[in-house]
Amino acid sequence: MNGMAEFEWISILNIKEEILRVWCLPGRDGTPLRIPDSDAGYFFSDEIFVVLKTFKRNTKMCYNIHFWIGKEKAQEMGASPPAKVKELMAVLNDNVVLFREIEGSESPQFKRYFKIFGVHKGSLNDVFDPKNPQAFKPKLLHFHLNKKSNRTEMFEVPISWKSLTSNDVFIYDEGTKMTQWNGSRCDEEERQAARQYGRSALKKRNCKVPFEFFDEEDLFEKNELRSKLGEKDVPLRPAKPQKKDFQKVMLRLSDETNRLVLTKVYIGKIYRDGINPDDVTFVEDFRVLFVYIGPGASEREKLSTWDEAAKYLKAAGRPEKAIAVFASGSYLPEFNEIWDDHQTKEHVTAESNWSDILNIKEEVLRVWCLSQRDGTPLRIPDNDVGYFFSDEIFVVLKTFRRNTKMCYNIHFWIGEEKAQEMGASPPAKVKELMAMLNDKVVLFREIEGFESPQFKQYFKVFGVHKGSLNDIFNPNDPKDFTPKLLHFHLNKKRNRTEMFEVPISWKSLTSNDVFIYDEGTKMTQWNGSRCDEEERQAARHYIASALKRRNCKATSEFYDEEDLFEKNELRKKLGEKDVPPMHTKYEKKGFQKVMLRLSDESGTLVLTKVYSGKIYRDGINPNDVTFAEDFNVLFVYIGPGASEREKLSAWDEAVKYLKTAGRPEKAIAVFASGSYLPEFNEIWNDQEVQKSAEGTHASNGGSVNY
């Protein structure tokens, strides 16, 4: 390993948090060049890139490594990963999942890392050089919003007026001039992505480069841009494979007969019982070929994995499909989502759509999990309602009647770390639900640890597990379960028991509360000497429900703190590791209510402070969007006369405001005229006689421009 590579790769072992890093390998085995974070997501078809995503599972650092190759370059290369990637694998040992990604056939896991994903033709040497501007070859860049994943994708298209489409945005880049063309039906996300790309490029070019913007409808039929692009015919883009024509396949790679043989195990539907831990298992999903190296696989089977995977895909007519290779001890939640074993997800039911909600004529509470950001909603049974998983997105619906009208509160809940990966807007499936219910809805964003009082009051017991639904105990694979320590605490103010995971350590236990140590096949309840009866009952109910679902001989034990000797089996299992203090939440005593107005009446979108300290209803302008920030919730009221631009910007501006205010995780409630939200009526200071006592009127100033 050369010095630079050694520094780059070994330094990764010092990472103790979730990060995303990208390198380019300028030759197949060249020195890795670190790509700046601002450029992560843009690739060049003649280069090889290495992408590292780190994440924590319990206390263990895990790594996803993706090596990305341009489509044409991939045809020149062999099946095995580049040497520098193998070096990185050797450094990180068995905590790794290694993906091969080929241009145009990338895995969903890979693209999910990037808000904007783009591919340039050529190499890093083809970027604009201000010292030699004549060497730059013009290019036409196409920005297209993938609405299913809420991600903008950029790719080069032939330079021709006929490449332009009204649905998208394009940039004609001449090196010393950039022109953005916005199709008449393009999305705001496409406009913003293209504008951001242009500004970033101009900043790097370090010279005076003009940047022009045109809307399709504002250009004459004959114009300068059309003249530059020309009218050359462009080929149709190749059609992508259709999911409806695909069948999942499971195969086993084994040399037990002294010959290396790839044998089909299942086709159409696949089941976990087909895995042999002494062999290598291939499982082909629509997007990815998963390759699991069993702990008992022979050296020959391990060494042949990449060649055999590439050979199989080539024979199947899908040579560019993404490949994910991993061994026992690695963590890949997507691998758990592909099975057809009924028992793995017997406690959830897929909802094909939201339409049955319109048939509800009574007050109900329903919860779904979105298995991916825009995946099929999985209905959570009523007896599991109130428990959430930090790596998932949940949708909670509360219906109620006001007079004869059905009203709806929709909450989308996100784990704290997952929220940092997502954009401001609600997931696509939530938008679908909103569109169906129209103006009868109040939409809440809830982030783990900062949920609104409205949300938590639905549940008698409210709990959050780390990980995903796929981390629940599986009786067919009990050894795959990772033990956890659950803390049950009574919120006496709300008369609600809350459950959350804490570090596995004897030092996590406190005499005021109740804890469960869950080992999968054994559950131990520990009752603190000063705990409340509600905590005991909530923990006992949790154990009874879990054992019933596990459908195997799992045991449970119950101990009171005062009945255990100082040295005991539970203490030995938990260990004595030091635990970090819980992070403190916002302090109410230092908080002041704020009212702001979001308006574009001046032609620019401006957020202006109206009141601070005390807030009054006369500050609401029905032609604008009103922000009213209470201690627990930012209420966003969309006035009946608000412009389309104000409406579309409400979520982004709310998130931006909270981030600037240092309260990025605060709950947000967005609603329009016609919705019913009694909590909004409780925050005002109008009932006080002298509204000038403490409230500061700031309608003539305090603008916040983003």
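This is a predicted model: local features need pLDDT of at least 70, side-chain atom pairs count only at pLDDT 80 or more; totals for chains, interfaces and linings use all residues.
Leaving aside residues up to four places away in sequence, Lys456 touches Glu451, Phe462, Arg496 and Glu498.

**Helix H5**

Next, select residues 188–205, which form helix H5. The helix has 18 residues, and at 1.5 Å a residue it should span 26 Å; the C-alpha atoms at its ends are 26 Å apart, so the two values agree. Colour the buried residues of H5: Glu190, Ala193, Ala194, Tyr197, Gly198, Ala201, Leu202 and Arg205. These residues lie on the same side of H5, because they cover an arc of only 160° around the axis. Turn the view to the other side of H5, where Gln196, Arg199 and Lys203 are exposed. Then move to Asn206, which follows H5 and has a positive phi, near 55°.

**Helix H11**

Select residues 533–550 to show helix H11. After H11 comes Asn551, with a positive phi near 55°.

Two arginines deserve a separate selection. Show Arg540 together with Phe558: Arg540 lies over the face of the Phe558 ring, at 4.4 Å from the ring centre. Then show Arg550 with Phe481; here the charged end of the arginine sits over the ring, 5.5 Å from its centre.

**Two annotated regions**

An unreviewed UniProt entry places the feature "domain: Gelsolin-like" at residues 156–196 and 501–546. Select residues 156–196 and inspect the fold: the chain there is 22% helix and 29% strand, and its end C-alpha atoms are 17 Å apart. Repeat the selection for residues 501–546, where the chain is 30% helix and 28% strand, with end C-alpha atoms 16 Å apart.

**Aromatic rings**

Finally, display the aromatic side chains. How many aromatic pairs does a search of the whole structure find? The search finds 54. One of them joins Phe49 and Trp68 in an edge-to-face arrangement, with 5.9 Å centre to centre and 75° between the planes. This pair links distant parts of the chain, 19 residues apart: Phe49 belongs to strand E4 (residues 48–57), and Trp68 to strand E5 (residues 60–69). Both Phe49 and Trp68 are buried.

For another pair, select Tyr266 and Tyr271. Their rings are also edge-to-face, at 5.3 Å centre to centre and 75° between the planes. Are these two tyrosines buried or partly exposed? Tyr266 is partly exposed, with a relative accessible area of 24%. Tyr271 counts as partly exposed too, at 22% relative accessibility.

Technical notes: Residues are numbered from 1 along each chain as its sequence is written. Side-chain values use heavy atoms; hydrogens and water are left out. Helices (H or I, at least four residues) and strands (E, at least two) are DSSP runs, numbered from the N terminus. The expected span of a helix is 1.5 Å times one less than its number of residues. Buried means under 20% relative accessible area, exposed over 50%, partly exposed in between (1.4 Å probe, protein chains only). The arc is that of the directions from the helix axis to the C-beta atoms. UniProt positions are given in the numbering used here, feature names are shortened, and annotations may be inferred rather than shown by experiment. Contact means heavy atoms within 4.5 Å. Rings of Phe, Tyr and Trp (its six-membered ring) pair if their centres lie within 6.5 Å; planes under 30 degrees apart count as stacked, over 60 as edge-to-face and the rest as tilted. A charge sits over a ring if NZ of Lys or CZ of Arg is within 6 Å of the ring centre and within 35 degrees of the ring normal.
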